[in-house]
Amino acid sequence: MSPVGAPRAPEVPAARRAGRAPRTTGDLPRWVWLPAALGAALVVLPVVALLTRVDWSDLPALLMSESSRAALSLSLRTAAASTVLCVLLGVPMAFVLARSRFPGQALLRALVLLPLVLPPVVGGIALLATFGRRGLLGSSLEVLGVQVAFSTTAVVLAQTFVALPFLVISLEGSLRTAGHRYETVAATLGARPSTVLRRVSLPLVLPGLASGAVLAFARALGEFGATITFAGSLQGVTRTLPLEIYLQRETDPDAAVALSLLLVVVAVLVIVLVRGREGRS
Amino acid sequence: MSIALRLHVPERDVDLALDVPAGSTLGLVGPNGAGKSTVLATLAGTLRPPHARLEVDGRLLVDTDTGRWTPPYARGVGLLAQEPLLFPHLDVVANVAFGPRSRGASRREAEQVARERLAELGCTDLAARRPGTLSGGQAARVALARALAPDPGVLLLDEPMAALDAAVVPQLRTTLAQVLRRRRDAGRTAVLVTHDVLDALLLTDTLAVVEHGRVVDVGPTQRVLEQPRSAFAAELAGLNLLRGTSAAPGLHTPEGLVVHAAGPTPLTGEPAVAVLDPAAVAVHLEAPAGSPRNVWPATVTAVEPRGRRALVRTDVVSADVTVDAVADLLLEPGRRVHLVVKASEVQVHGL
């Protein structure tokens with residue numbers, strides 16, 4: 001029982017509440033909207049500006065030029081290969097990080113995230129130091145007659161290097177959210193660890209894995225710095241779409257804009273895919 | 001399947017031994033944090049305690065002295081938790097078939113077993129459903145079917161009905177009693193953690209009271225509840241318990257209370273408990289004059305209404321009175337009263 005005369009919450013006028021969903025958080029100060037709107041404009045305006053520069057009538061021809069098709073095809077093939085590589089390596093990494101404990105785990109997790117914050121050019125230099133002719137592994141590979149740098153393989157390696165953390169983070173988060181209680185139940189039902197992994201753990205985090213793979217694919221598709229440093233820019237071999245756009249900008253700005261539009265469309269599709277999935281789960 | 005467990009976990013202050021004969025159901029009761037979950041986790045193999053030795057059916061599963069450790073999947077120990085935890089990506093049949101399938105049964109065999117278990121529990125019509133579409137009671141039944149499907153020698157039940165609607169509990173309890181009886185006849189063993197006296201009475205034949213990581217009482221369920229030796233078992237059974245030393249005319253408590261009891265009393269000078277039913281405790285405002293009864297001054301600490309009656313808790317024992325009496329006597333916390341109990345209503349047990 002509240003004592004008589006206790007202060008009451010002020011009544012909210014019905015007119016102000018009408019037609020609005022009930023809020024649970026406090027009202028924001030109005031001034032916050034200004035920097036927030038500026039930030040949104042900074043992101044949206046350049047994309048709109050890009051659209052105004054698109055030469056719609058020549059678009060099909062620009063996209064169908066030989067160099068464009070070569071770059072697009074190379075980008076799709078290498079990004080797909082990198083995504084497969086990310087899944088093959090990243091899924092076990094996420095499981096080790098989320099489901100086991102060992103000394104140095106925190107350090108390993110930090111190192112795995114390094115490509116996220118590292119400038120891609122630096123990543124490219126590091127890859128050269130590893131797989132280049134006189135690199136850590138490169139000199140041994142050279143003896144075997146394998147040259148990695150400045151090949152399509154190098155493109156895939158560079159893309160995997162920058163995209164792997166996206167998949168690992170996404171999946172590790174899903175694994176932690178899912179918890180290990182289902183896995184415990186499965187074990188008490190007689191399932192061996194491999195069976196638990198295959199029939200319980202993986203199916204439970206499949207949405208997270210799909211989101212992670214889509215993000216990794218998008219990151220691989222847009223990769224520029226590490227690729228140009230480690231793989232160079234050879235048409236049909238290492239010149240991916242972002243590299244092609246950068247080169248075309250000098251000679252044929254309209255083609256550069258057209259190809260950019262293509263990447264914007266892919267990016268929007270990726271966001272729709274990932275957010276749609278998150279919204280459902 | 002008999003169970004012999006020795007368990008010592010210093011960081012959880014658990015140090016106990018439990019022996020369960022084959023074909024029995026052991027109930028584990030005790031306050032939260034007393035160590036019941038530690039016992040279950042050790043039996044299931046989800047916890048690796050620093051000091052433990054576990055034999056099931058004469059087979060040594062765990063011995064920390066020699067480093068012997070059997071992983072959960074190789075123990076033949078099933079677990080039914082408070083939440084059903086049905087695999088959300090599998091339908092009901094696939095959930096129940098999971099255990100047999102994991103133990104090497106063919107897809108067809110596993111599904112056959114699953115359908116039989118579901119039929120036994122009256123869940124045949126749920127077979128094709130997804131777990132997300134089931135009600136709480138249905139999910140609990142399916143989870144039980146899934147736990148039973150691999151036919152575990154030992155079944156662990158961790159408060160399997162605590163999270164359910166009160167409306168579906170009685171039916172599930174009946175089902176569980178039937179299942180446990182059937183398993184008992186086949187020599188299967190079960191361990192049930194519960195906070196419910198009805199679960200203990202209807203589902204278990206042996207009851208162990210765990211407090212502060214120790215087994216403070218263990219014996220046939222009826223005996224443990226009717227002649228409680230621990231405060232927790234007394235509270236569970238709805239009885240009052242007073243600790244002290246046995247001495248004529250019954251029991252002397254450390255607080256100086258003299259308890260009159262009828263019938264045989266244990267050896268004088270030994271630790272003992274006096275047990276009395278709250279319904280046998282009368283509440284008076286003035287001490288009644290001259291009769292060989294227990295009259296104890298007390299202060300009311302709480303009044304808990306229970307339908308048309310109320311449990312009046314005091315600093316001595318609790319009294320079960322009508323709500324009319326509560327109103328007439330203005331019983332409320334802080335009220336000074338006299339509690340009156342006939343000596344014939346008090347039993348004293350040695351510890």
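The dialogue below works through several features of this predicted model.

User: What should I keep in mind about numbering and confidence before reading the model?

Analyst: Residues are numbered from 1 along each chain as its sequence is written, and chains are lettered from A, with ligands numbered from 1, in the order in which they are written. Because this is a predicted model, local features need pLDDT of at least 70 and side-chain atom pairs count only at pLDDT 80 or more, while totals for chains, interfaces and linings use all residues, and side-chain values use heavy atoms, with hydrogens and water left out.

User: Which strands does β7(B) pair with, and how many bridges join it to β8(B)?

Analyst: Strands are DSSP runs of E with at least two residues, helices are runs of H or I with at least four, and both are numbered from the N terminus; two strands pair if DSSP finds at least two bridges between them. Here, strand β6 (residues 77-80) of chain B is joined to β7(B) by 4 bridges in the parallel sense, with G78(B) opposite L155(B). β7(B) also pairs with strand β8 (residues 189-193) of chain B, again parallel, over 5 bridges, and there L155(B) stands opposite A190(B). From β7(B) the chain passes through helix α5 (residues 169-185) of chain B to β8(B), a right-handed β-α-β crossover, where right-handed means that, with the strands pointing away from the viewer, the path from the first strand over the helix to the second runs clockwise.

User: Why is β7(B) described as largely enclosed?

Analyst: A residue is buried under 20% relative accessible area, exposed over 50%, and partly exposed in between, using a 1.4 Å probe and protein chains only. In strand β7 (residues 154-158) of chain B, 4 of the 5 residues are buried, so the strand is largely enclosed by the rest of the structure.

User: How many residues of β9(B) are buried, and what are its strand partners?

Analyst: Strand β9 (residues 206-211) of chain B is mostly covered, with 5 of its 6 residues buried. Strand β3 (residues 25-29) of chain B pairs with β9(B) in the parallel sense over 4 bridges, and T206(B) is the bridge partner of L26(B). Strand β10 (residues 214-220) of chain B pairs with β9(B) in the antiparallel sense over 6 bridges, L207(B) standing opposite G219(B). β9(B) and β10(B) form a hairpin with 2 residues between them, and H212(B) in the turn has a positive phi of about 50°.

User: In what order do the strands of the antiparallel open sheet lie, and which are its edges?

Analyst: The 5 strands of this open sheet in chain B follow the order β15-β19-β16-β17-β18, with antiparallel pairing. Its edge strands, β15 (282-284) and β18 (319-322) of chain B, each pair on one side only. Within it, strand β16 (residues 294-306) of chain B is joined to strand β19 (residues 336-341) of chain B by 6 bridges, and A298(B) has V337(B) as its bridge partner.

User: Is A231(A) buried or exposed, and where does it lie?

Analyst: A231(A) sits in the loop between α13 (225-230) and α14 (241-251) of chain A, and at 2% relative accessibility this residue counts as buried. A231(A) and F150(A) are 81 residues apart in sequence, yet 3.8 Å apart in space, C-alpha to C-alpha.
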